[in-house]
Amino acid sequence: MTDRTAVRTGLLTVDGATLHHEVRGEGPLLVMMPGGSADAGIYDAIAADLADRWTVATFDPRGYSRSALAGPVTDQSPATHADDIVRLIESLSPDGAPAALFGSSSSAVVALATLARHPGRLSRVVAHEPPVVALLPDPEAGRALFAAVREAFRRDGVAAAMTTMAAGLAPEEGEAAPGPERAAERGEAPTPEQTAEQAATGEQAPDPEQAATFRRMHANLPVFLEHVLCPFSGYVPDLVALKASAAHLVVGVGRDSRALLPAVAAERLARRVGAGVAEFPGGHIGLTEHPRAFAARLRDVLAAP
C-alpha cells in the first residue's frame, strides 16, 4: 500500500519564478497556501492529517525559500500569486477538475484574488482571516499600521517590525483579547515561525529538519515585510466577483482572535459578499498553535455540502 503521507516534490516554472511544491495523499486536489513569511513546511503536520482524503499540495511562494525568482525581488501582487496558484492546479489536475484552496493571513488574500480571477478552477475556498484593510471601519488606520511596520523594518530591522505589528494588532481599548492573543496586547506575540516551532516540538529541541525549516521561514521575513505586507493588506477585493462565487467561499476566523484586525476584516468581507463564516481553533496563527485541531476543523469545512 502506498504511504499517503509520503512527500512527492517538484518544481513548476511560472512567469518570472520557479515554484517548489510538495504533494501528499490521494483524492481531490487541495492546495494549501502559506501566509506571512512561511513556506510549505508550515503545513507539514496538517497536510499529513488531510492526506487520507485529499491530494494535498503545499508550496513555497515565489521569492521565498526554494522558489527562486528569475530576477530581483520587487513588490508582490496578489493577482500574480493567484495566477501562480492556477498554474499549479493545472499542473496537478490536468483533467480540469476544480481544486479546493486554503489560505491564511496574507495567503487568504491570494485565495480571494484566485476566486475572483479564476472561479471555474476552484470547488471550495477557505480564506482564514485575510487582513483586507479596505473593509475595516477605518481603512486608513489599517493602512497606516502596516506602513508603520514596514518603516520599522527599514529603520530597525525584523524584530522591531514584528513588535510594531503585534502591538498594532492588539484589540481596541476596552475589548478583551482571549487566550494567546493577550501576548499581542503586550507587543509580545510570537512570529508564525516561532509558534510553529513550539507546536511542532513542545519542550524538545527541534530536529535538524525542523530547524532547517524554521531558518528558511525566518530568512523570508525581510521579503515579507518589505514586499508583501503592504501590497497584500492593501488589496481591494472584487466584491462583485466574490459575491457571484460566494457559494464556494468560506471565511475563517480564529476563536481567540475575533477582536483583532484580520478577523474583523474577514467577518465584514463575509457579510458584504454573503459567504459563510467558520470558526477555527486558536487565534490568527491557529494552524501552528493547534495543528491537529485546526486540521480536523478544516476537514469538516471542506467536506460540508
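A: Start with D83 and R117. The two side chains form a salt bridge, and their closest N and O atoms are 3.0 Å apart. D83 belongs to helix α2 (residues 78–92), while R117 belongs to helix α3 (residues 106–117), so the pair ties together parts that are 34 residues apart in sequence. Is D83 buried, partly exposed or exposed? Its relative accessibility is 28%, so D83 counts as partly exposed. R117 is also partly exposed, because its relative accessible area is 43%.

A word on confidence comes next. This is a predicted model. The protein chain has a mean pLDDT of 89, and 88% of its residues reach 70 or more. One stretch needs care: pLDDT is below 50 over residues 173–203. That stretch still has 57 contacts in the model beyond near neighbours in sequence. Where pLDDT is low, predicted coordinates should not be read in detail.

Now follow α3. Together with β5 and β6, helix α3 makes a right-handed β-α-β unit. The two strands of this unit, β5 and β6 (residues 122–128), pair in the parallel sense over 6 bridges. Within that pairing, A100 stands opposite R124 in β6.

Strand β5 (residues 99–104) has another partner. It runs parallel to β3, and 4 bridges join the two. Here M33 has G103 in β5 as its bridge partner.

How many residues of β5 are buried? The count is 6 of the 6, so the strand is largely enclosed by the rest of the structure. Both faces of β5 are covered. A99, L101 and G103 are buried on one side. A100, F102 and S104 are buried on the other.

The packing can be read from V31. Leaving aside neighbours within four places in sequence, V31 is in contact with A100, L101 and F102 among others. Its contacts also include I85, L88 and I89, along with A57 and F59. V31 is one of three residues, with F146 and L249, that touch the most other members of the largest nonpolar core, which holds 62 residues. There is also a second, separate core of 24 residues, which includes L30, Y43, L50 and A100. In soluble globular proteins, nonpolar side chains tend to be buried together.

H21 lies in strand β2 (residues 17–24). Its relative accessibility is 9%, so H21 counts as buried. Beyond neighbours within four places in sequence, H21 is in contact with L88 and L92, with T58 and F59, and with R8, T9, G10, L11 and L12.

A search of the whole structure finds 15. One of them joins D39 to R216, whose closest N and O atoms are 2.7 Å apart. D39 sits in the loop between β3 (29–33) and α1 (44–50), and R216 sits in helix α8 (residues 208–219), so this pair ties together parts that are 177 residues apart in sequence. D39 counts as buried because its relative accessibility is 0%. R216 is partly exposed, with a relative accessible area of 21%.

D156 and R155 meet in a salt bridge too, at 3.0 Å from N to O. Both D156 and R155 are exposed. Elsewhere, salt bridges link E22, D60 and R66 in a network.

Helix α4 (residues 139–156) contains A148. A148 counts as partly exposed, at 35% relative accessibility. Its C-alpha atom is separated by 7.4 Å from that of T164, a residue 16 places away along the chain.

Strands β7 (residues 249–254) and β8 (residues 276–280) pair in the parallel sense over 5 bridges. There, G252 stands opposite A278 in β8.

Back to the starting point. D83 and R117 link α2 to α3. Helix α3 in turn sits in a β-α-β unit with β5 and β6.

Notes: Residues are numbered from 1 along each chain as its sequence is written. This is a predicted model: local features need pLDDT of at least 70, side-chain atom pairs count only at pLDDT 80 or more; totals for chains, interfaces and linings use all residues. Side-chain values use heavy atoms; hydrogens and water are left out. pLDDT is the predictor's confidence in each residue, from 0 to 100. Contact means heavy atoms within 4.5 Å. A salt bridge is a side-chain nitrogen of Lys or Arg within 4 Å of a carboxyl oxygen of Asp or Glu. Buried means under 20% relative accessible area, exposed over 50%, partly exposed in between (1.4 Å probe, protein chains only). A nonpolar core is a set of buried Ala, Val, Leu, Ile, Met, Phe, Trp, Tyr and Cys residues joined through side-chain atoms within 4.5 Å. Two strands pair if DSSP finds at least two bridges between them. A crossover is right-handed if, with the strands pointing away from the viewer, the path from the first strand over the helix to the second runs clockwise.
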